[in-house]
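Welcome! Let's take a friendly walk through a protein chain and see how its parts pack together. Keep the picture open beside you as you read.

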Amino acid sequence: MHGKRDRRIGDRCLSVLTDEKQDISDLLGYIHGFYREALDLLPIAAIPSLVPRLLKAGMPIGFLDPVSNIIANTIAYTPPPTLESDEGVEAPSSEWILSKIITDTNDKSVFRVPLSRLNAHGMTLARRSLDGLVSFLTSHYRYLISREDMSYLLLARADLLTAVRLIEQDRNKRRNLFSITNKVALECAAVSARHPEPDVLVKASLTMASRDVSMLLTGQDPLSPATLESLAELLRQGPTGMDLNNISLDHLRV
């Protein structure tokens with residue numbers, strides 16, 4: 001006779017789930033907050049060309065905190081910005097930028113996960129990013145149903161790395177950071193979120209996770225153009241040359 005299995009973190013989260021629409025609204029609320037923080041850190045006034053990069057590719061998908069993921073994916077999408085290329089260009093307001101990111105939850109199509117191909121085309125960056133986060137977990141942990149994936153994201157407040165750690169703690173499993181499974185899941189996430197160049201997001205995520213960039217992304221508000229140049233150089237170099245076969249998510253932020 002088999003004994004009862006131990007309760008898992010995910011079980012507790014599932015037990016307090018509300019209806020799916022409320023869950024999606026809550027997750028979007030967290031994601032909207034990430035973008036507000038990212039806009040405070042990105043030097044938009046000095047480098048207006050960051051705006052189209054952010055709106056096309058700045059997604060909270062990766063193995064750092066969500067705000068750092070947004071910044072890294074924004075910078076990785078194109079060559080490093082320079083002040084000369086932005087000379088004489090006026091940056092749009094934060095309110096205008098957020099209007100392209102914040103999702104209107106009065107639109108019923110927002111609550112379909114994943115979005116249909118037709119609806120995804122005109123959907124906001126935040127809503128497409130949510131599809132990417134769910135897709136990562138669905139692709140990575142095939143033994144979980146989509147409702148469980150959503151529950152872990154809720155418990156993690158839409159922070160992908162935290163959700164991954166919760167799942168692996170529950171299931172007592174650890175995967176190498178550079179495993180094929182992780183790479184495929186990142187690519188699926190990028191495609192689901194309609195990233196214009198999924199390979200760029202995959203490379204950026206693995207590069208940032210393999211390097212200590214904590215000092216680079218802290219202590220400045222906003223980040224300086226010089227800091228963005230340094231970040232862009234790291235992203236061009238790709239993952240560090242350390243023993244990639246033995247890197248786990250455990251070495252990342254706690």
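## Where H2 meets H8

Glu20, Asp23, Ile24, Asp26, Leu27 and Tyr30 in H2 are in contact with Arg147, Met150, Leu153 and Leu154 in H8. Sorted by class, the residues of this contact are six nonpolar, no polar and four charged. Please keep in mind that this is a predicted model.

How do the two helices lie relative to one another? The axes of H2 (residues 20-41) and H8 (residues 146-155) come within 10 Å and cross at roughly 40°. That angle makes H2 oblique to H8. The crossing of H2 and H8 is left-handed.

## The whole chain

Now step back and look at the chain as a whole. Twelve helices and zero strands are found in it, and from the N terminus on the elements read α-α-α-α-α-α-α-α-α-α-α-α.

How much of the chain is buried? Of its 254 residues, 52% are buried. Contacts also reach along the sequence: among those between residues at least 6 apart in sequence, 74% join residues at least 24 apart.

## H9 and its two partners

Let's return to H8 and follow it to another helix. The axes of H8 and H9 (residues 160-171) come within 8 Å and cross at roughly 115°, and this crossing is right-handed. On the H8 side, Glu148, Tyr152, Leu153 and Leu155 take part, meeting Ala163, Leu166, Ile167, Asp170 and Arg171 in H9. The residues of this contact divide into six nonpolar, no polar and three charged. You have already seen one of the H8 residues, Leu153, in the contact with H2.

H9 also packs with H7 (residues 125-140): the axes of H7 and H9 come within 11 Å and cross at roughly 25°. Is H7 roughly parallel or oblique to H9? The crossing angle makes H7 roughly parallel to H9. Like the crossing of H8 and H9, the crossing of H7 and H9 is right-handed. Leu133, Phe136, Leu137 and His140 of H7 make this contact with Leu160, Ala163, Val164, Ile167 and Glu168 of H9. By class, there are seven nonpolar, one polar and one charged residues in it. Ala163 and Ile167 of H9 take part here and also meet H8.

## The nonpolar core

The largest nonpolar core has 75 residues, and the members that touch the most others are Tyr35, Ile61, Ile71, Phe136 and Leu137. Which helix gives the most to this core? H2 does, with nine residues.

Leaving aside neighbours within four places in sequence, Tyr35 is in contact with Leu54, Gly58, Met59, Pro60, Ile70, Ile101, Leu125, Ala126 and Ser129.

## A closer look at Ile70

One of the contacts of Tyr35 is Ile70, which sits in helix H4 (residues 66-76). Is Ile70 buried or exposed? Ile70 counts as buried because its relative accessibility is 0%.

With neighbours within four places in sequence left aside, Ile70 touches Phe34, Tyr35, Ala38, Leu54, Gly58, Met59 and Pro60. Take Met59 as an example: Ile70 and Met59 are eleven residues apart in sequence, and their C-alpha atoms are 4.8 Å apart in space. Met59 is also among the contacts of Tyr35.

Conventions. Residues are numbered from 1 along each chain as its sequence is written. This is a predicted model: local features need pLDDT of at least 70, side-chain atom pairs count only at pLDDT 80 or more; totals for chains, interfaces and linings use all residues. Side-chain values use heavy atoms; hydrogens and water are left out. Axes are lines fitted to C-alpha atoms, for helices over the stretch in contact, and angles run from 0 to 180 degrees between N-to-C directions. Helices (H or I, at least four residues) and strands (E, at least two) are DSSP runs, numbered from the N terminus. Angles under 35 degrees count as roughly parallel, over 145 as roughly antiparallel, 65 to 115 as roughly perpendicular and the rest as oblique. A crossing is left-handed if the near helix is turned anticlockwise from the far one by less than a right angle, and right-handed if clockwise. Contact means heavy atoms within 4.5 Å. Ala, Val, Leu, Ile, Met, Phe, Trp, Tyr, Cys and Pro count as nonpolar, Asp, Glu, Lys and Arg as charged, and the others, Gly among them, as polar. A nonpolar core is a set of buried Ala, Val, Leu, Ile, Met, Phe, Trp, Tyr and Cys residues joined through side-chain atoms within 4.5 Å. Buried means under 20% relative accessible area, exposed over 50%, partly exposed in between (1.4 Å probe, protein chains only).
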